[in-house]
Amino acid sequence: MSPAPAIPPIPASAPPGRAPLKPLDLALAELLALATPLQGIEVVSTFDADGRVLAEDLVSALDVPAHDNSSMDGYAVRCADWSGAQTVLQVHQRIPAGSSGQPLAPACAARIFTGAPIPPGADAVVMQEDCDTVAAGDQPFTGIRMQASPAPGQWIRRRGEDVAAGAVVLQRGERLSPASLGLAASIGFSQLPVAPRPRVALFSTGDELVMPGDVAPADMKPGAIYNSNRFFLKALLQRLGCTVTDLGIVPDRLDATIAALQGASQQHDLILTSGGVSVGEEDHIKPAVQALGSLMLWQMAIKPGKPFAYGQVGTAHFIGLPGNPVSSFVTFLLLVRPFLLRLQGVTDVAPESMTATAHFDWPKADKRREFLRVKRDADGGLALFDNQSSGVLTSAVWADGLVDNPAGQTIAHGDTVQFMPFSALLS
Ligand code: AMP
Ligand code: MG
């Protein structure tokens with residue numbers, strides 16, 4: 001299905017670098033409007049569904065737990081049988097987990113274990129630690145005395161208290177977590193209907209790029225750098241459930257870029273590139289996309305990450321990320337991640353953002369909205385990485401999140417800022 005252009009394409013003749021930069025919120029809203037969820041449903045083993053997106057509501061056919069059951073090892077009793085600490089109840093049955101008991105006889109107790117069904121007639125469980133056993137003859141014990149009056153309902157887990165039969169337990173559009181897999185299993189699902197994996201073609205542009213392993217550090221020519229974007233982009237895509245076709249490095253030539261885009265537009269839902277999307281003569285992404293399809297978004301009012309582009313080539317979406325590694329990383333988290341989640345049908349794709357206290361000064365305001373690499377410190381505030389250059393990938397490894405700093409804003413030590421933890425952005 002061809003993605004519908006909901007926003008007008010940028011004319012190929014538009015002079016580079018003149019168009020106003022796009023505010024991030026507007027760009028994200030436009031991107032999400034274009035991210036029509038992929039058609040189809042894949043059925044996968046519940047074991048393999050972590051991180052996938054549920055394609056249908058899961059309705060429980062049973063109550064969980066299915067019976068009132070004991071939450072302790074102890075004795076099931078009838079509260080009315082208590083007539084003081086001297087009361088002796090005869091232990092007339094034993095109910096391990098996995099079996100079911102007989103009705104509780106008057107003035108009797110049932111030995112019971114965690115998870116075992118409460119026998120009919122019992123209305124409380126007394127923990128074994130709160131009972132004294134009473135021996136008789138050569139039997140080790142035949143009865144118990146309770147140290148205190150039992151309260152009705154104590155240590156009983158009620159039928160249906162986790163899940164009621166007929167309830168929607170997990171909703172379509174939810175991303176499955178390890179806990180949700182357990183919950184799905186608890187209502188009997190060995191397989192789950194999930195959204196198809198987005199098929200993503202990935203390539204890096206740049207004649208300076210060398211693959212680690214191809215050339216030893218000592219033999220690197222002047223100007224050559226190792227391709228780092230390819231590694232984190234592939235990992236980020238895989239974490240989001242995508243199937244990645246890694247097309248390697250494409251040279252900085254218009255014909256090569258056009259050929260790579262054309263090939264990648266077959267059989268893929270998204271073409272993701274890094275580099276070559278700026279305004280220099282060596283940046284061929286924009287004209288190549290415009291030669292084959294259309295470009296709808298170009299250049300964001302954010303730092304790092306200004307050179308970001310969205311377009312369409314044939315039936316495939318196209319997203320061009322900046323070449324600078326930190327810009328590439330940050331724009332992926334802010335824009336590509338929600339886009340890919342929406343393609344899989346996730347409704348709530350907004351990244352988590354919370355307030356935190358800056359334990360640093362940021363005295364120079366920028367015209368663009370900034371995303372600063374920061375880390376929570378021992379005092380509950382945020383420390384700033386000392387080099388915020390978009391080429392310094394160390395900052396992204398050191399940091400545990402981003403400060404979302406509005407355009408034109410300075411920050412003083414002690415100010416309240418918006419913090420986006422990587423824990424929410426990298427899963
Ligand atoms: P570009 O956007 O192509 O002008 O690249 C901007 C900067 O990012 C340049 O310094 C490039 O060398 C660098 N760069 C581009 N692609 C990569 C990559 N895949 N890995 C590491 N650095 C890159
Ligand atoms: Mg380049």
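This is a predicted model: local features need pLDDT of at least 70, side-chain atom pairs count only at pLDDT 80 or more; totals for chains, interfaces and linings use all residues.
**Entry 1: Gln299**

I started at Gln299, which sits in the loop between E18 and E19. Its phi is positive, about 75°, although Gln299 is not a glycine. Buried or exposed, I wondered about Gln299? I got 5% relative accessibility, and since buried means under 20%, Gln299 counts as buried.

**Entry 2: another positive phi**

I looked up Trp155 next, and it has a positive phi of about 60° without being a glycine. I found Trp155 in the loop between strand E9 (139–146) and strand E10 (156–157). Trp155 has 35% relative accessibility, so I wrote it down as partly exposed.

**Entry 3: cis peptide bonds**

I checked omega at two prolines. The bond from Val64 to Pro65 came out cis, with omega near -5°. Pro65 is in the loop between strand E2 (58–59) and strand E3 (69–70). Lys303 and Pro304 are also joined by a cis peptide bond, and there omega is about 0°. I placed Pro304 in the loop between strand E19 (302–303) and E20.

**Entry 4: salt bridges**

How many salt bridges does a search of the whole structure find? My note says twelve. I reminded myself that side chains of opposite charge can pair when their charged atoms come close. Then I went through some of them.

Glu42 pairs with Arg52, and their closest N and O atoms are 2.9 Å apart. Glu42 lies in strand E1 (residues 42–45) and Arg52 in the loop between E1 and E2, so this pair ties together parts ten residues apart in sequence. Glu42 is partly exposed at 32% relative accessibility, while Arg52 is buried with a relative accessible area of 2%.

Lys303 turned up again, this time in a salt bridge with Asp366, with 3.0 Å between the closest N and O atoms. This pair links distant parts of the chain, 63 residues apart: Asp366 is in the loop between strand E22 (354–357) and strand E23 (369–376), and Lys303 is in strand E19. Asp366 is buried, with a relative accessible area of 16%, but Lys303 is partly exposed at 34%.

For Arg376 and Asp400, I noted closest N and O atoms 3.5 Å apart. Arg376 lies in strand E23 and Asp400 in the loop between helix H7 (394–398) and strand E25 (401–405), so the bridge ties together parts 24 residues apart in sequence. Arg376 is partly exposed at 42% relative accessibility, and Asp400 is partly exposed too, with 22%.

I also found Asp25, Arg369 and Asp404 linked in a network of salt bridges.

**Entry 5: helix H5 and what covers it**

Which residues of H5 are buried? I listed Ile285, Lys286, Ala288, Val289 and Gln290. Their cover includes strand E13 (199–205), helix H4 (254–264), E17, strand E18 (294–298), strand E20 (309–313) and strand E21 (316–321).

I then picked Ala259, which is found in helix H4. Ala259 is partly exposed, with a relative accessible area of 47%. The C-alpha atoms of Ala259 and Leu292 are separated by 9.7 Å, and these residues are 33 apart along the chain.

**Entry 6: a negative patch**

Last stop was the surface. Asp207, Glu208, Glu281 and Glu282 form a negative patch there. I located Glu282 in the loop between strand E17 (270–274) and helix H5 (285–292). Glu282 has a relative accessible area of 49%, so I filed it as partly exposed.

Methods:
Residues are numbered from 1 along each chain as its sequence is written. Chains are lettered from A and ligands numbered from 1 in the order in which they are written. Side-chain values use heavy atoms; hydrogens and water are left out. Patches are made of residues with over 30% relative accessible area and no salt bridge: like charges are joined within 9 Å, nonpolar side chains (Val, Leu, Ile, Met, Phe, Trp, Tyr) within 5 Å. Accessible areas come from the Shrake-Rupley method with a 1.4 Å probe; for residues, only the protein chains shown count as cover. A salt bridge is a side-chain nitrogen of Lys or Arg within 4 Å of a carboxyl oxygen of Asp or Glu. Lys and Arg count as positive and Asp and Glu as negative; His and the chain ends are not counted. The place of a charge is taken as NZ of Lys, CZ of Arg, CG of Asp or CD of Glu. Helices (H or I, at least four residues) and strands (E, at least two) are DSSP runs, numbered from the N terminus. Buried means under 20% relative accessible area, exposed over 50%, partly exposed in between (1.4 Å probe, protein chains only). Contact means heavy atoms within 4.5 Å.
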